[in-house]
Amino acid sequence: MGLRVLAVDDEGPALDDLVHLLSADSRIGEIHTARDGAAALRRLDRSLAENRPIAAVFLDIRMPGLDGTVLGRVLAQFARAPHIVYVTAYDDHAVDAFEIKATDYILKPVRPERLREAIRRVIEGSEGADEGAEGGADAGPDPGEPEPMPVELGGVTRFVTPAEVLYVEAQGDYARLHTQGGSHLVRIPLAALKDRWRGAGFVRVHRSHLVALSAIKELRLDSGRCTVIVGDTELPVSRRHVRELRDLLVRRARRAP
């Protein structure tokens, strides 16, 4: 039996296009629609009352009244929360989607192959939830494990894990994640990201830089100026952070085999 899904968009042509693309996928069994957030909630309530829960909601963000981000937070509180796949023309709500653990984030115009990928993620997530329910409390992920950050690459949202990041650079209310493969700008202040990735092995070396301790190749002290070499980049270390950083590096060296 295919997935039972709900498509939500206040614009009729966009909703029709989304329904058409969903109906073309053999993994979709039943499609319901709503033109606003309130109607979406009523449809979901009816589905639960009929014991025919919706597996996934394909949801626009900018809608009058109850917009997609608010509705997403409401849905995330359901005892049997549906998967949320945002389908939007705007790329500036990926952090909001991340915070409510949305399954995917698709930019309009929707490409069929991108929608197929989102459906695959919904199915995988549903299967994983079923396994976790059967396996008990130990079957789920470590609740203390730092979560990845969503980034946009050519209209595709992927998630960058802390382990991939060498260092983070503050850029106003944004942070730039530097990895071996390039850099990604995300809408989160450096201080907030430091708190979110607490315990992931990052250390603040400067008001503008957060560095993965494991990525530091060298600590340099020259004429009272301190820097670290991370990958091929030399980064400044504020005087107030020198002692803490040096102690952390010494402890790490002592633990090394």
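Helices and strands here are DSSP runs, with helices of at least four residues and strands of at least two, numbered from the N terminus. The model is predicted. Its chain has an average pLDDT of 85, and 89% of the residues reach at least 70.

**Confidence**
- Where pLDDT is low, the predicted coordinates should not be read in detail.

**Packing of α2 and α3**
- Two packed helices are described by the angle between their axes and the distance between the axes.
- Helix α2 covers residues 37-49 and helix α3 covers residues 68-76; they pack at an angle of about 20°, with axes 10 Å apart.
- Because angles under 35 degrees count as roughly parallel, α2 is roughly parallel to α3.
- The crossing of α2 and α3 is right-handed.
- On the α2 side, the contact is made by Gly37, Ala40, Leu41 and Leu44.
- On the α3 side, Leu71, Val74 and Leu75 make the contact.
- Of the residues in this contact between α2 and α3, six are nonpolar, one is polar and none is charged.

**Salt bridges**
- The whole structure contains 14 salt bridges.
- One of them pairs glutamate 30 with arginine 4, whose closest N and O atoms are 3.4 Å apart.
- This pair links distant parts of the chain, with the two residues 26 residues apart.
- Glutamate 30 belongs to strand β2 (residues 28-34), and arginine 4 to strand β1 (residues 3-8).

**Backbone features in loops**
- Lysine 108 and proline 109 are joined by a cis peptide bond, with omega of about -5°.
- Asparagine 51 has a positive phi of about 60°, although it is not a glycine.
- The loop that holds asparagine 51 runs between α2 and β3 (56-59).

Definitions and conventions. Residues numbered from 1 in each chain as written. Predicted model: local features only at pLDDT ≥ 70, side-chain atom pairs only at ≥ 80, totals over all residues. Heavy atoms only, no water. pLDDT = per-residue confidence, 0-100. Axes fitted to C-alpha atoms, helices over the stretch in contact; angles between N-to-C directions. Parallel < 35°, antiparallel > 145°, perpendicular 65-115°, else oblique. Left-handed = near helix turned anticlockwise from the far one by under 90°. Contact = heavy atoms within 4.5 Å. Nonpolar A, V, L, I, M, F, W, Y, C, P; charged D, E, K, R; others polar. Salt bridge = Lys/Arg side-chain N within 4 Å of Asp/Glu carboxyl O.
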